[in-house]
Amino acid sequence: MLKKIILNHIKKYRNLYMAMSTIFVLGICLSVGIINRLDEEKSEVVQKYFFEYKNNFANLNISNIKNLLLNGIFNKSRVICILFVLACTVIFEKLIYFCVLYKGFSIGYSISASIKVYGVRKGILFAVTTLGIQNIIYIPCIIFFSIYCINFCKKMKNNNVDIKRCFLKLFVVFCIIILISAISSSLEMFFSYKILKKIQIFY
C-alpha cells in the first residue's frame, strides 16, 4: 500500500522529482569544486575536523552516545523545519529549491573532504560508512518534503482551496517526516558505529 502511494506520487510529480534531484546533485558538484580549491591552511582545518569526527565515533560510549544522537537528530530536523516555515510563508517558495541545493552541497562537501583527507579508496569507504548510511533515508525524505512544500505553496495561491485543511495536512506530513528522520538517525548511527569500529584499523 505504502509502496503504491509513493510510486504514484513520484509518477504524478515526476518533473519536480527530476528537478529536485538535479538541484541536489548540483549542490554536490559545487562542493567538489570548492574542496579542490582549498589552500593548505584550510585543508588542515578540514583534516583536523575529520580526525575529531572519527575519534568521536570510534570512542562512543553510553555517556556520550545520547549527546551525539541528539545532535544528529537536531541537524537533520533543522532543514526540515526550515522547509516547513518557508512553505507556511508561501511567498518564499523559491527558497525551498535553495534548501535542497544547500543540503546537496553540505553532504557533497563532507564526502569530498573525506576523500581529500584519506585518499580516494579510504575516503570513499569512510564516506559510505559514516555519511552514506546516515543519509540513506534522510535524503529521500528531504526531496519528498521539499516537493510537498512546493505543491502546498502552489495550492495556497489558488483561492478555491480549503486553507485550514491544507495547513493541517502540511503539519501532519511535517511531523511524520520529523519522526522518520529521528528514527532513522538512531538506526543509522548504530550501524555506522558498528561498521566504523571494524574498519577503524585502516585509518
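Mentor: Leucine 170 touches Phe84, Ala87, Cys88, Phe145, Tyr148, Cys149 and Phe152, with residues up to four places away in sequence not counted. Contact means heavy atoms within 4.5 Å. This is a predicted model, where local features need pLDDT of at least 70, side-chain atom pairs count only at pLDDT 80 or more, and totals for chains, interfaces and linings use all residues. Residues are numbered from 1 along each chain as its sequence is written, and side-chain values use heavy atoms, with hydrogens and water left out.

Trainee: How many residues does the largest nonpolar core have?

Mentor: A nonpolar core is a set of buried Ala, Val, Leu, Ile, Met, Phe, Trp, Tyr and Cys residues joined through side-chain atoms within 4.5 Å. Buried means under 20% relative accessible area, exposed over 50%, partly exposed in between (1.4 Å probe, protein chains only). Here the largest core has 34 residues, and Leu83, Ile96, Phe145 and Leu170 have the most contacts inside it.

Trainee: Which helix gives the largest share of this core?

Mentor: Helices are DSSP runs (H or I, at least four residues), numbered from the N terminus. The largest share, twelve residues, comes from α7. Of the 19 residues in α7, 14 are buried.

Trainee: Why does isoleucine 143 count as buried?

Mentor: Isoleucine 143 lies in helix α7. It counts as buried because its relative accessibility is 11%. Leaving aside neighbours within four places in sequence, isoleucine 143 is in contact with Tyr17, Met20 and Ser21.

Technical notes. Helix = DSSP H or I, 4+ residues; strand = E, 2+ residues; numbered from the N terminus.
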